[in-house]
Amino acid sequence: MVSQNFIINEYDHCVYFKSFNGIFIILALYVDDMLIASKSMEEINRLKAHLSRTFDMKDLGATKHILGMEIHRDRKNVKLWLSQQKYVEKVLEKFRMNNLKPGNVPLASHFKISSVLSPRTNAEKQYMSHVPYANAVGNLMYAMVSTRPDISHAVGVVSKFMTNQSEEHWQEMKWVLRYLRGTSDHCIIFNGSEGSVYGYVDVDYTGDLDKRRSTTGYVFTLAGGAISWMSKLQEIVALSTTEAEYIATSNAIKEEIWLKGLLYEIGRTQEKVNVLCDSQSAIHLATNPAYHNRTKHIDVRYHFLRNVIDGRKLVLQKVHTRENCVDIFTKPIIVEKLR
């Protein structure tokens, strides 16, 4: 690729790109699978011809499947759908969940899952050793990181008990599978617009029942579809909702910086990224560098957020809780909110 004057993307070394006359040609590589994108079919064909002379390569034409994901296009209306319906259906069949009653939310609020429920006796541990819990978590994780951000929080909860799960934990796992049973055709839709990257961030304060840590959730969208998301327990115990929201926003900004750099190198320049947060106190803390006695204990690594805002590289805005789409990344929600 370098011999053909391609440049390695500094933000992702599996992405190569080249610009000519204002047109980009991009190659994304994953082990021995490649995706090539460009507005110029002539350049795409030239690159494929060169690659086929260098090593054995099979040209599968316009991409329809890759890494378990399905790609559907509507070129007339400039839309693209990214789905894992077939993969999800195989997972359900594998765990014999394909005939169960579908669920309507990924995580039920009546489940109070913690390590207290883990097996105490050898008999219980022996029984659960025959349950494919870890295998199910792995299958759910692949769907979650690829095309199903809606199960991020649920997968994060069930994955905490892979080494010592109980029957109650397995029931929660089956609840997630039931949800996938009813939503196997859900997909991410990109509308092809020239819109900007938007970020949403939220937190569930001390929602973890074992260590009382808070859950950070964020999602970034482009062209109407999600391109990056996360639901993860924070590394420390936050002492207030403001601190938890501030830490969550700092973590989201790290992803925003990476995304902005990745897109910039392939010709997608955006001067500022809008990040929406439903905590006015966290926004005040981020935009006001004044000394606060009640916040001086916050680890200095999270204060880089202020430098990003001061450098006018980020716009941190308030969004009403009802309009914050990241609730699903941090806590169980009702079906009306999911829709």
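1. The buried residues of helix α6 are H169, W170, E172, M173, W175, V176, L177, Y179 and L180; buried denotes under 20% relative accessible area, exposed over 50%, and partly exposed in between (1.4 Å probe, protein chains only). Helix α6 covers residues 167-182, 16 residues in total, and reaches 23 Å from its first C-alpha to its last, close to the 22 Å expected at 1.5 Å a residue. The expected span is 1.5 Å times one less than the number of residues. Helices (H or I, at least four residues) and strands (E, at least two) are DSSP runs, numbered from the N terminus.

2. The structure is a predicted model, in which local features need pLDDT of at least 70 and side-chain atom pairs count only at pLDDT 80 or more, while totals for chains, interfaces and linings use all residues. Residues are numbered from 1 along each chain as its sequence is written, and side-chain values use heavy atoms, with hydrogens and water left out.

3. Strand β2 (residues 15-20) is largely enclosed by the rest of the structure, because five of its six residues are buried. Strand β1 (residues 7-8) pairs with β2 in the antiparallel sense over two bridges; pairing requires that DSSP find at least two bridges between the strands. I7 stands opposite F17 in β2, and the hairpin of β1 and β2 has six residues between the strands.

4. Strand β3 (residues 23-30) runs antiparallel to β2, and six bridges join the two. K18 stands opposite I25 in β3. The hairpin of β2 and β3 has two residues between the strands, and N21 takes a positive phi near 55° there.

5. The count of salt bridges comes to seven, where a salt bridge is a side-chain nitrogen of Lys or Arg within 4 Å of a carboxyl oxygen of Asp or Glu. One of them joins R46 and E42 (3.0 Å, N to O). These two residues are four apart in helix α1 (residues 41-54), so about one helical turn separates them. R46 is partly exposed at 44% relative accessible area, whereas E42 is exposed at 52%.

6. The side chains of D208 and K160 also meet in a salt bridge (2.7 Å, N to O). D208 lies in the loop between β9 (198-204) and β10 (215-222) and K160 in the loop between α5 (152-158) and α6, so the pair ties together parts 48 residues apart in sequence. D208 is buried at 5% relative accessible area, while K160 is partly exposed at 35%. Elsewhere, salt bridges that share partners join E42, E43 and R46 into one network.
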